[in-house]
Amino acid sequence: MSEADCAALIMAAGSGERFGGDMPKQYRLLAGKPVLRHTVEAFLDHPAVNRVRVVINPEHREHCVAALAGLDVGEPVAGGPSRQASVRHGLEALSAAPPGFVLVQDGVRPLTDAGTIERVRRALDASPAAIAAVPVVDTLKREREGVSAGTVDRSGLWRAQTPQGFAYDVILRAHRDAADGEITDDAAVAERTGLPVALVPGSEDNLKVTTEDDLARAEALIAARAGEIRVGNGFDVHAFGPGDHVTLCGITIPHEKGLVAHSDGDVGLHAITDAVLGALGAGDIGQHFPPSDPRWKGQDSAAFLRHAADMAAAAGGRIVHVDVTLICERPKIGPHRDAMKARIGEILGAGVAVSVKATTSEGLGFTGRGEGIAAQATATLRLPPGGG
Ligand code: MG
């Protein structure tokens, strides 16, 4: 056993009280990931935590395995009939290689921040038990038969959160002595044995997902941390001229005409490039790659789009989605659409949703008369808070 060795026990053994849908709340999706996965990752990623085990309701084993695929959490520990019993099972599961400290965490607190984990862990250097908590700021009322029966003095009152941290041997002994009670707060098990429990500041954002509203609040907090959404649009036209092929969205298509351009004339990639630059507020393709510059003669337009994508990455942003519409009578786009999507995905990298659409202009205008091809595009980017 090493004094510095700190394990985290993530408690997800809840009976599966559901607040909608068929999925127990710890396995519901939050910002595209199961609630429990958010919680587990916060502890796996924390430098003060050396190992993480998860305590589950054995009936949810399949949900758990799917939710935590690829994460280093070992075999899930089967919980017991009460919260207290489940924590004890988790503590016993660590006993083969006892850690110096253990942090007990609600699996449905997906937004616990690194600072809170750090404060609880640090407090254990001076106290055998420490819990995250926030002072009560609202005025408290005692209710009797639907009306207020008076104001409760809130001074000195805190709301307990998790993680709740303990010297491992001390909390294991306390749990063994407490037998099978119904104590829902882990610190209360420690208090029962007369141990001092330090209170360290948690966070108002460290919420427990118990209702559908909590899930929506958690979703909004994650979105705020993820930064803002920016949408840019782009438009481009090239005229037909002599040639035997056109290049559209990175795909070469045999055709009885070519497109007149300094580069390869790929209206699709040009429109997407301008859309990305637009979302970044970074000018247009002509400013970055002036047609007068001989370097871009016959250029594969993938380089233009890659440059815009690199600018987005340098700004700490992420391209979420691009959508392009090609406007022409001929060539027919349909047979090439999948290849175009794949090529754009290749240029932008994994994780970008790509849409390629096509339309004619019903014989009207310059595209209708077959004088050229137009393209318009939209790009959706996520930029860090205050970025761009
Ligand atoms: Mg162009």
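**View 1. Strands β12 and β18 pair in the antiparallel sense.** In this predicted model, 12 bridges join strand β12 (residues 228–241) to strand β18 (residues 372–383). One of the bridge pairs is arginine 230 with leucine 381, the latter in β18. Helix α8 (residues 267–280) packs on the sheet, where α8 touches β12, β16 (318–327) and β18. The direction of α8 makes about 150° with that of β12.

**View 2. Five strands make up an open sheet with mixed pairing.** The order of the strands is β15-β12-β18-β16-β17. At the edges stand β15 (258–259) and β17 (353–359), and each of these pairs on one side only.

**View 3. A magnesium ion has protein donors from an aspartate and two histidines.** Along the sequence, the donor residues follow the spacing D-x1-H-x31-H. Buried means under 20% relative accessible area. Aspartate 236 has a relative accessible area of 16%, so it is buried. Histidine 238 also counts as buried, because its relative accessibility is 14%.

**View 4. A second open sheet has 7 strands.** Its order is β5-β4-β1-β6-β10-β7-β11, and the pairing is mixed. The edge strands β5 (77–78) and β11 (197–201) have a single partner strand each, so one side of each is left without a neighbour in the sheet. Helix α1 (residues 35–44) packs on this sheet and touches β1 (6–12), β4 (51–56), β6 and β10. The direction of α1 makes about 175° with that of β1.

**View 5. Strands β6 and β10 run antiparallel.** Four bridges join β6 (residues 101–106) to β10 (residues 158–167). Leucine 103 has glycine 165 in β10 as its bridge partner. Helix α5 (residues 168–178) lies across β6 and β10, running at about 110° to β10.

**View 6. Helix α11 has buried residues along one face.** The helix covers residues 337–348. At 1.5 Å a residue, its 12 residues should span 16 Å, and the end C-alpha atoms are 17 Å apart, which agrees. Met340, Arg343, Ile344, Ile347 and Leu348 are buried. Seen down the axis of α11, the buried residues fall within an arc of 125°, so they line one face of the helix. Asp338 and Glu346, on the other side, are exposed. The buried residues of α11 are covered by elements including β13 (245–248), β14 (251–254) and α10 (302–314). After α11 comes glycine 349, with a positive phi near 95°.

Technical notes. Residues are numbered from 1 along each chain as its sequence is written. This is a predicted model: local features need pLDDT of at least 70, side-chain atom pairs count only at pLDDT 80 or more; totals for chains, interfaces and linings use all residues. Side-chain values use heavy atoms; hydrogens and water are left out. Donors are N, O and S atoms within 2.8 Å of the metal (3.2 Å for Na, K and Ca); water is not among the atoms, so sites may look incomplete. Buried means under 20% relative accessible area, exposed over 50%, partly exposed in between (1.4 Å probe, protein chains only). Two strands pair if DSSP finds at least two bridges between them. Helices (H or I, at least four residues) and strands (E, at least two) are DSSP runs, numbered from the N terminus. Contact means heavy atoms within 4.5 Å. Axes are lines fitted to C-alpha atoms, for helices over the stretch in contact, and angles run from 0 to 180 degrees between N-to-C directions. The expected span of a helix is 1.5 Å times one less than its number of residues. The arc is that of the directions from the helix axis to the C-beta atoms.
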